[in-house]
Amino acid sequence: MPASVLVGTQWGDEGKGKVTDLISGDFDVVCRYAGGANAGHTVIANGHKLALHQVPSGVMYDGTYPVIGNGCIVDPEVLLGEIDMLEAQGISCDELRISGNAHIVMPYHKDLDGAHEKRLGKNLIGTTKRGVGPTYMDKMNRTGLRVQDMLDEKIFREKLEAALAYTNPILEKVYEMPTYTVNQVCETYLPYAERIRPYIVESSLFLNEQLEAGRSILFEGAQATMLDIDHGTYPFVTSSNCTAGGAVTGSGVGPTNIGRVLGIAKAYLTRVGSGPFPTELEGEIGDRLGEVGHEYGVTTGRKRRCGWYDSVVVNYAARVNGLTDLAITKLDVLGCLDEIKVCVAYECDGKTYRTVPEHQSVFYHAKPVYETLPGWGCDISGVRDFYRLPREAKDYIDFLEQLAGVRVSIITVGPDRDQTIDRYWK
């Protein structure tokens, strides 16, 4: 099949950026299909550590088209800043394509995001305050502005006037915040439009033309399964469909073109922000995983919550996404431990769950059931062949594979592109 989807199987931060960067060279097109600047992918190339939020990771390869699909939202300031950063590193963005149907993050969206989160108090969701939720809300409310609207000043002004007629009273009356004028927004955004204009395409047409020409596409996911608006731990989720099904609606490419779905899972588990986390470790082991694994958010810099690998979550992700392959990342980090625990089930009110409970209250009170495996207690960052891993590390991977019912095709043992073990992907 000419198209593959890459998705996170946990709560994000699984290392999708590195794996996307690693396999992008095998594809002609890499397309982001959901999310916005709240997604942070770290890529290390030529000794440089680059944080990408809007531009797909495939930009790192010459001859690969990076595409921002219609399901994404675009913050023009962040996007152009990223393009400038990449060009300064000698990485061309000439092949970048942006869907004209993608919605635009406006300044008032960021205001609303922060104000709403502040008002939630102790019940806060943990949003990045990048305006993502309000932008998607306007999209569904049919008061949003799209990238294509920026190309015609008259249309942009008319739609912006209608949007502000709806938004300004909320800013003023509900949150007691300053309002915006059409001229004020246009002064900033219309210059953005001229810089973005050369990249804009009808993305569904472009992608399908690539497939008809025999070229291959990798759909690059942002966030992860447990943050999906429909399938995640609602309301502690993002505002888009970041599961594999979102690749279809967020790109305009039909599902019959997709042959492989690669799920990314960290060898332990992390989460940023609020929400349930059954295997969370509060104490020395969690702190050690955080320090050895450098667990700080790419987008926000927030310290990530750390915990044991949760096979219930990954098994759920395998079902929801239809995974054909798994990539296990950061296996090297577990080398700091003498023994490792894996959650194989939950218990709540005398009942055992081997998949994520449907009801939120059950998930909140779920107690993990663990199996303990021996650690390997050594540095494996230089290993490139699965069979050269310590026996305990191989047993750990085999156990995760058995629990997920999906083959582990890729293993990463460090942040650099070459610190990877390819078992079955190629």
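Student: How do you know that α6 bends?

Tutor: The bend at a residue is the angle between axes fitted to the seven residues ending there and the seven starting there. At Thr-188 that angle is about 30°, and a proline, Pro-191, follows within four residues. This is a predicted model, where local features need pLDDT of at least 70 and side-chain atom pairs pLDDT 80 or more, while totals for chains, interfaces and linings use all residues. Residues are numbered from 1 along each chain as its sequence is written, and side-chain values use heavy atoms, leaving out hydrogens and water.

Student: Why is Ser-57 called buried?

Tutor: Buried means under 20% relative accessible area, exposed over 50%, and partly exposed in between (1.4 Å probe, protein chains only). Ser-57 has 0% relative accessibility, so Ser-57 counts as buried. You'll find Ser-57 in the loop between β4 (48-52) and β5 (65-68).

Student: What makes the largest nonpolar core a core, and where does it lie?

Tutor: A nonpolar core is a set of buried Ala, Val, Leu, Ile, Met, Phe, Trp, Tyr and Cys residues joined through side-chain atoms within 4.5 Å. The largest one has 54 residues, and Phe-219 and Leu-334 are among those with the most contacts inside it. Helix α12 (391-404) supplies the largest share, six residues. Domain 1 (1-97 + 200-260) and domain 3 (266-321 + 331-420) both give residues to this core, so it lies between them. Those bounds come from an automatic or database domain assignment.

Student: How do you know that domain 1 and domain 3 are in contact?

Tutor: Contact means heavy atoms within 4.5 Å. By that test, 35 residues of domain 1 are in contact with 34 residues of domain 3. Their C-alpha centres lie 24 Å apart.

Student: Why are β9 and β20 said to stand at the edges?

Tutor: Two strands pair if DSSP finds at least two bridges between them. In the open sheet of 10 strands with mixed pairing, β9 (200-201) and β20 (420-422) each have a single partner strand, so one side of each is left without a neighbour in the sheet. Strand β19 (408-412) is joined to β20 by three bridges, and the two run antiparallel.
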